Amino acid sequence: MEYHVLVVDDEPKILSMIENFLKNEGFTVTTAQEGNEALRLFGQAQPHAVILDLMLPGMNGLDVCKEIRKNSTVPIIMLTAKTEEIDKLLGLELGADDYITKPFSLKELSARLRAVLRRTTQYSEKQEEQVMIRGDLQIDPVKREVKVKGELIPLTPTEYNILYILARHPGRPYSRLQLLNMALDESYLGYERVIDTHVSNLRKKIEPNPAEPYYIQTVYGIGYKFGEKV
């Protein structure tokens, strides 16, 4: 399958390097240098993934990410020169799936891109699996869809993977590191606590009361589990 990637960066040299490298790697690439242009091209091209610079003129990368997330769960990798933890968590809270800080190697970027695309499709390849029913939740491994009381809930690829992993084995605790390795690929080199941000976002979407989680429960000192009585 040939993947289409939208790359957004206001530095022409970086944009050209990424574009040429990814094309040589077999990707179809569309480029943009500012936020409004990125959103217009996103609607036209319908890419499989977005590589998005944080610092853009006018509408910044976080705002672009937020706009994309209103209607799409396409994987988003954000590029940033900022290394502060708060910036990473803020980006993930708005729906980014991964981060890579500048300067970076093009090979690492390609590896991260392939990993996030693989996470999007890896579970749907198991065609024999049936829809899981957990309380008011319906989890479809083939379509990678989640419904609450019959209503389709838009989840990011990472949110879906975390829910799928936990729901398959109710009551089984998973550490944050285990969830990182399984939901975000074993090569992911991120901050372990970003799982907390993804879980928080997931709870807001599926829990009747996110403050008192029914489905995704905290296992203190370890990580998370899916409720045993669901």
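Colleague: Why is His 4 called buried?

Modeller: This is a predicted model, and in it His 4 has a relative accessible area of 17%. Buried means under 20%, so His 4 counts as buried.

Colleague: Where does His 4 lie, and which residues is His 4 in contact with?

Modeller: His 4 lies in strand 1, residues 4-8. Leaving aside neighbours within four places in sequence, His 4 is in contact with Thr 28, Val 29, Thr 30, Ala 45, Pro 47, His 48 and Ala 49.

Colleague: What makes the link between the side chains of His 4 and Thr 30 a polar contact?

Modeller: The distance that joins the two side chains is 2.7 Å, and the cut-off for a pair of N or O atoms is within 3.5 Å. The pair of His 4 and Thr 30 is therefore listed as a polar contact.

Colleague: Let's move to the rings. Why is the pair of Tyr 160 and Tyr 164 called stacked?

Modeller: The structure holds 3 aromatic pairs. In the pair of Tyr 160 and Tyr 164, the ring centres are 6.0 Å apart and the planes stand at 25°. Centres within 6.5 Å make a pair, and planes under 30 degrees apart count as stacked, so this pair is stacked.

Colleague: How many residues apart are Tyr 160 and Tyr 164 in helix 6?

Modeller: They are 4 residues apart, so about one helical turn separates them. Both Tyr 160 and Tyr 164 are buried.

Colleague: What makes the pair of Tyr 214 and Tyr 215 edge-to-face?

Modeller: Here the planes are at 75°, with 5.0 Å from centre to centre. Planes over 60 degrees apart count as edge-to-face, so that is the name for Tyr 214 and Tyr 215. Together with Phe 226, these two form one aromatic cluster.

Colleague: How do you know whether Tyr 214 and Tyr 215 are buried or partly exposed?

Modeller: Tyr 214 has 39% relative accessibility. Tyr 215, at 2%, counts as buried.

Colleague: What describes the way helix 6 and helix 7 meet?

Modeller: Two packed helices are described by the angle between their axes and the distance between the axes. For helix 6 (residues 157-168) and helix 7 (residues 176-183), the axes come within 10 Å and cross at roughly 115°. The crossing is right-handed. Asn 161, Ile 162, Ile 165 and Leu 166 in helix 6 meet Leu 179, Met 182 and Ala 183 in helix 7. The residues of this contact divide into 6 nonpolar, 1 polar and no charged.

Colleague: Why does Ile 162 count as buried?

Modeller: Ile 162 has 0% relative accessibility, and the limit is under 20%, so Ile 162 counts as buried. Not counting residues up to four places away in sequence, Ile 162 touches Ala 183, Ile 195, His 198, Val 199 and Leu 202.

Colleague: Why are Gln 46 and Lys 149 called exposed?

Modeller: Exposed means over 50%. Gln 46 has a relative accessible area of 54%, so Gln 46 is exposed. Lys 149, at 69%, counts as exposed too.

Notes: Residues are numbered from 1 along each chain as its sequence is written. This is a predicted model: local features need pLDDT of at least 70, side-chain atom pairs count only at pLDDT 80 or more; totals for chains, interfaces and linings use all residues. Side-chain values use heavy atoms; hydrogens and water are left out. Axes are lines fitted to C-alpha atoms, for helices over the stretch in contact, and angles run from 0 to 180 degrees between N-to-C directions. Helices (H or I, at least four residues) and strands (E, at least two) are DSSP runs, numbered from the N terminus. A crossing is left-handed if the near helix is turned anticlockwise from the far one by less than a right angle, and right-handed if clockwise. Contact means heavy atoms within 4.5 Å. Ala, Val, Leu, Ile, Met, Phe, Trp, Tyr, Cys and Pro count as nonpolar, Asp, Glu, Lys and Arg as charged, and the others, Gly among them, as polar. Buried means under 20% relative accessible area, exposed over 50%, partly exposed in between (1.4 Å probe, protein chains only). A polar contact is a pair of N or O atoms within 3.5 Å; within protein, one must be able to donate a hydrogen and the other to accept it, and residues adjacent in sequence count only if both atoms are side-chain atoms.
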